[in-house]
Amino acid sequence: MNALNQSGSKPEMGPSGDAKPATFTGNRALMLEEALIFEIGTTDTTGVDLPEVGRVASRLGGLERNRTIGLPGLSEPETVRHYTRLSRQNYAIDLGFFPLGSCTMKHNPRLNEKVARMAGFADVHPLQPVETVQGALAVINELAVWLIELTGMHGVAMTPKAGAHGELCGILAIKAALEARGDPRSVILVPESAHGTNPASAAFAGFSVENIPATSEGRVDLDALKARLGPDVAGVMITNPNTCGLFERDMKAISDAVHAAGGYVYCDGANFNAIVGRVRPGDLGIDAMHINLHKTFSTPHGGGGPGSGPVVLSKALSPFGPLPFTERHADGRYSLVEEETVGERHPRSFGRMTAFHGQMGMFTRALSYILSHGADGLRQVAEDAVLNANYILHGLKDTLDAPFAHSGPCMHEALFSDDGLADGFTTLDIAKGLIDEGYHPMTVYFPLVVHGAMLIEPTETESKATLDQFIGAMRSVVQRAKAGDPSLKSAPHYAPRRRLDETQAARKPVLVWQEPDVAVAAE
Amino acid sequence: MTRYYTEDHEWIEVDGDSATVGITDYAQSQLGDIVFAEVPAPGAELKKGGDAAVVESVKAASDVYAPVSGTVTEGNDALEGDPALVNTDPEGDGWFFKLTLSDTGELASLMDAAAYKAFVEAL
Amino acid sequence: MRYLPLTNTDRQAMLAEIGVKSVDDLFIDVPVEARLGGPISSLPNHASEMAVERHFFDLARKNMAASHHPFFLGCGAYKHHVPASVDHIIQRGEFLTAYTPYQPEIAQGTLQMLFEFQTQVARLFGCDVANASMYDGSTACWEAIGMARRITKRHKAILSSGLHPHYVSVARTMAKYTGDNLDTALPTLSSTTDSARLLDAIDGETSCVVVQYPDILGRMEDLSAIAAKAHEHGALLIAVVTEPVALGAIKAPGEMGADIVVGEGQSLGVGLQFGGPYVGLFACKEKFVRQMPGRLCGETVDAEGKRGFVLTLSTREQHIRREKATSNICTNSGLCALAFSIHMTLLGEKGLRGLAQVNHALAVQAADRLAQIPGVELVNDSFFNEFTLRLPKEARPVVRALADKQVLGGVSLGRLYPNAPELENGLVVAVTETASAEDIETFATALQEILS
């Protein structure tokens with residue numbers, strides 16, 4: 001019987017039971033550790049082959065770089081493996097549920113990637129003669145038309161590179177409009193629940209920032225806002241739906257009051273996903289709103305960008321928008337309005353915000369998504385996003401404190417506080433517990449108006465089964481936090497890393513690799 | 001030498017018209033691990049209640065206000081290399097700056113140790 | 001709809017669970033007059049994947065793609081060969097569909113990559129530290145000017161006439177609001193830069209001198225004298241690099257005393273993409289790190305003592321400092337930074353130096369060939385892979401005529417400086433490893449025909 005091959009037999013637990021041995025490599029099967037390129041590469045290794053060219057006498061003006069640069073190279077197989085291994089240490093939408101509030105982590109369709117890579121878009125230079133890029137200009141123009149129609153606005157600035165850059169664009173348009181009428185207004189009102197980029201953008205443009213109070217419902221206090229309006233107020237920056245996940249019911253009244261007092265209304269459009277196809281910001285009196293194409297319109301977040309933040313503008317602000325922009329002529333040709341023609345075409349522009357025409361690679365992706373959904377599909381996007389968020393709110397509000405559940409249905413995201421957790425247990429512990437459950441945590445500690453805030457945005461691209469499982473997991477983690485389970489304090493247990501020491505990172509910043517001997521000498 | 005406290009959790013120890021300023025033990029315990037402190041340069045003119053220094057933890061940056069008006073004579077350079085001093089010895093080696101008072105009358109509005117203790121307990 | 005998992009049965013069940021009749025009940029906070037009754041009628045309804053792809057294919061065909069023609073454009077965006085593995089890796093979902101690494105335990109892939117990227121950028125630029133990227137070169141440039149203002153508490157920025165005119169425009173837009181005074185000038189069609197002007201202008205009020213290297217006309221010179229004069233007066237030298245491949249051949253700005261070095265990283269790993277997204281590079285001396293804008297990744301350890309990486313020094317940033325932040329930047333250009341970093345890893349120092357050598361050799365051959373055309377004159381004494389020609393006539397229509405002959409033959413200075421007749425005969429030509437000997441010959445022949 002000894003000769004019998006036993007590989008088909010039922011596996012047995014060895015005598016050591018389930019004790020986990022340390023491995024020689026530090027790897028744990030599919031969980032693979034990966035060194036830095038500086039530790040595995042060398043300066044004489046390369047993963048590229050170059051064309052042969054004849055030698056020429058240098059015309060570098062005596063500036064030859066003679067010292068070692070210190071850039072390690074890897075062969076192609078090593079390169080692919082290095083980054084593939086790194087990639088496996090990342091959570092991503094493709095892997096699972098990513099309910100990061102106010103970030104709209106929805107599925108990124110691969111058709112978007114395919115069209116963006118067509119040579120006619122990916123491989124054209126921004127300074128080619130406009131006759132040779134008519135298709136690219138047509139894409140920009142087509143997307144612009146969609147954004148204008150979906151928001152009910154007058155114009156759109158396409159060049160801002162991200163949401164915060166778009167905010168700056170809107171604020172600069174307001175500043176330029178005020179200057180054009182010789183009005184030295186200097187104050188921008190911002191609710192406390194706003195994204196940090198709002199006050200930062202306003203301050204950059206030289207405005208002073210004042211807070212607008214909120215009501216106990218979690219909405220802008222209209223009476224307090226009206227009381228503060230006056231000849232020094234340039235405008236307001238309001239996020240709608242707001243970061244508490246609520247629609248600002250009084251938005252039109254706010255806009256009317258601000259306009260009556262001579263100011264402008266900026267809307268942070270980060271949460272446009274909740275209302276796309278159902279509400280047009282232009283109907284609410286908005287003067288400027290940025291649209292994060294990487295949120296509402298599904299362009300990939302890429303581990304932190306690139307984003308894209310076109311800004312729709314009212315009739316009052318459109319004349320002040322930035323350069324360059326596309327113009328469609330009666331014969332169907334497109335041209336670019338740049339510095340050359342700005343005098344006749346767009347004399348009151350506040351100027352250029354970036355070198356070229358904006359995030360073309362994001363325009364193609366966003367337009368591909370928009371055309372796929374169409375007007376009917378986009379409306380369904382908002383409905384499903386809001387339905388999913390309310391389903392989560394409903395499924396968790398008896399377990400977690402939902403401070404604004406009494407304020408009406410939520411929009412695309414549900415907000416909870418840390419009220420009721422055991423002593424010493426925090427929102428951070430819940431987040432880390434969710435990591436072990438295989439989720440990316442929700443947004444934590446934002447907005448600032450709620451203690452230990454947890455902001456959950458499911459988006460419309462999640463199934464009911466996913467939401468049901470998440471609600472179950474969340475309830476389980478919250479119960480552990482209420483019961484004071486010490487193992488939650490040390491979570492995550494199953495991620496590639498345990499909790500990281502951010503204090504050490506900030507006290508003694510190590511921002512670049514140094515060869516060990518150099519690093520020791522510097523101690 | 002007398003030590004006074006502010007409602008913004010600074011302490012100031014006064015000796016004639018010169019004084020040393022820092023943040024209280026309560027303040028450092030609320031901020032958590034201090035990772036950076038920016039202190040004013042000698043010669044800086046401070047106004048009572050105005051920004052004087054910055055103290056940062058990993059997740060928060062807080063302004064340290066001048067408890068009284070005056071001219072900075074020295075910033076605590078030791079905090080640059082060892083910001084943890086603010087955690088380990090907030091009311092001693094973790095001081096922020098020294099200044100010459102321009103109006104000792106401003107001290108009258110500050111709390112003494114007993115009053116500050118009661119103030120913190122009421123928070 | 002293919003991107004929406006909920007079925008009508010799911011929707012009904014969920015509405016019942018929530019306790020409302022219809023989805024409209026979830027939108028009751030929207031004022032009645034602002035509710036749209038149905039899909040916006042001026043817009044088309046949904047379309048199949050095939051139909052959308054066809055639409056884009058039709059539009060893409062209307063563009064002249066760089067790879068399909070002899071191609072010689074530069075001026076801030078360069079066509080380089082991007083190895084196939086770069087695009088493969090950046091499309092892995094774990095990179096493509098991840099977010100800013102706010103939860104470091106499950107974002108070590110992005111964080112380690114950013115740490116490697118920061119080190120590569122710092123070394124390439126000859127600086128101590130670099131950040132995790134900016135939007136692009138032009139925005140990195142004005143962020144650097146703002147940083148110099150915060151450090152020096154002065155407002156006079158002296159911009160070299162060789163700085164890309166779009167970068168100047170961006171700085172001008174921002175300076176209107178930040179109170180910076182920009183000292184600018186137009187370039188001249190000559191081999192000498194305006195360093196004499198810069199040296200003259202530096203004084204005790206100066207916050208920074210901004211010099212592009214190589215400059216918009218492809219010229220370059222040692223920055224040491226400008227650095228020395230700036231430092232003597234307590235000002236900073238900001239160097240701007242729009243073609244990072246050049247630094248595989250020529251000295252790094254940091255080696256010559258630059259305090260802040262910014263650049264456009266598009267050349268490595270990122271395609272032309274009609275101008276974006278690109279990736280801004282930002283590096284400086286270590287002592288200025290707390291005044292830097294943007295995200296920074298740092299090394300630390302986890303609770304078990306294993307090496308790991310986190311975003312750090314966040315208190316500079318808008319989400320904590322709000323109106324007192326060093327910048328309003330939030331998103332950076334993460335995926336483009338990844339592409340840059342992969343390409344740099346594939347090259348390594350050996351490959352980068354080799355690539356730079358190929359670029360320079362081809363550019364020298366092209367410059368010599370084009371300068372043989374009657375009436376055409378090479379402006380530069382020195383250059384890397386980009387140089388300026390003085391044509392016997394206005395360059396802008398020549399560029400259009402070249403396009404008619406299926407050659408994308410450089411950038412006319414008239415396009416960049418529309419109101420400067422003294423520059424209108426200038427044509428800036430970039431030659432990278434993607435240009436073959438035949439491409440150069442085709443270009444030269446076409447140019448000669450047009451000019452004769």
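User: How many residues does helix α14 of chain C have, and what span is expected for it at 1.5 Å a residue?

Analyst: Keep in mind that this is a predicted model. Helix α14 (residues 437-451) of chain C has 15 residues. From first C-alpha to last, the helix reaches 21 Å, close to the 21 Å expected at 1.5 Å a residue.

User: Which residues of α14(C) are called buried, and what covers them?

Analyst: They are C:I440, C:F443, C:A444, C:A446, C:L447 and C:I450. The cut-off for that word is 20 or more other C-beta atoms within 10 Å. Among the things covering these residues are α11 and α12 (395-404) of chain C.

User: What makes C:M174 buried or exposed?

Analyst: Just count the neighbours! C:M174 has 24 C-beta neighbours inside 10 Å. Since buried calls for 20 or more, C:M174 counts as buried. You'll find C:M174 in helix α7 (residues 165-178) of chain C.

User: How far is C:M174 from C:T139, in sequence and in space?

Analyst: In sequence they are 35 residues apart, while in space their C-alpha atoms are 9.8 Å apart.

User: Why is chain C called as compact as a globular protein of its length?

Analyst: Let's start with what chain C contains: 14 helices and 13 strands. The globule rule gives 22 Å for 452 residues, and the radius of gyration of chain C is 25 Å, which is close, so chain C is as compact as a globular protein of that length. Its C-alpha atoms fill a box of roughly 80 × 55 × 50 Å along the principal axes. Buried residues make up 64% of chain C. Take the contacts in chain C between residues at least 6 apart in sequence: 74% of these join residues at least 24 apart.

User: How do you know that chain B agrees with a compact globule?

Analyst: Same kind of check. A compact globule of 123 residues would have a radius of gyration near 14 Å; chain B has 13 Å, so the two agree. The C-alpha trace of chain B spans about 35 × 35 × 20 Å along its principal axes. In chain B, 41% of the residues are buried. As for its secondary structure, there are four helices and nine strands, and along the sequence they follow the pattern β-β-β-α-β-β-β-β-β-α-α-β-α.

User: What is in the largest nonpolar core?

Analyst: This core has 355 residues. A:A173, C:C141, C:V209, C:V210, C:I238, C:V240 and C:A283 are the ones with the most contacts inside it. Helix α11 (residues 334-371) of chain C gives the most to this core, with 21 residues. As a general rule, nonpolar side chains in soluble globular proteins tend to be buried together.

User: Which residues does C:I238 touch, leaving out those up to four places away in sequence?

Analyst: Among them are C:A144, C:I145, C:A148, C:V209 and C:V210. The list also includes C:D259, which is a charged residue by class.

User: How many residues of chain A are in contact with chain C?

Analyst: 177 residues of chain A are in contact with 170 residues of chain C. Helix α11 (residues 360-396) of chain A gives the most to chain A's side, with 21 residues. By class, that side has 84 nonpolar, 56 polar and 37 charged residues.

User: And how many residues of chain B are in contact with chain A?

Analyst: Six residues of chain B, and they are in contact with four residues of chain A. Chain B's side divides into five nonpolar, no polar and one charged.

Definitions and conventions
Residues numbered from 1 in each chain as written. Chains lettered and ligands numbered in written order. Predicted model: local features only at pLDDT ≥ 70, side-chain atom pairs only at ≥ 80, totals over all residues. Contact = placed C-beta atoms within 7 Å. Helix = DSSP H or I, 4+ residues; strand = E, 2+ residues; numbered from the N terminus. Rg over C-alpha atoms; globule rule 2.2 N^0.38 Å. Buried ≥ 20, exposed ≤ 12 C-beta atoms within 10 Å, placed from the backbone. Core = buried A, V, L, I, M, F, W, Y, C linked by C-beta atoms within 7 Å. Expected span 1.5 Å × (residues − 1).
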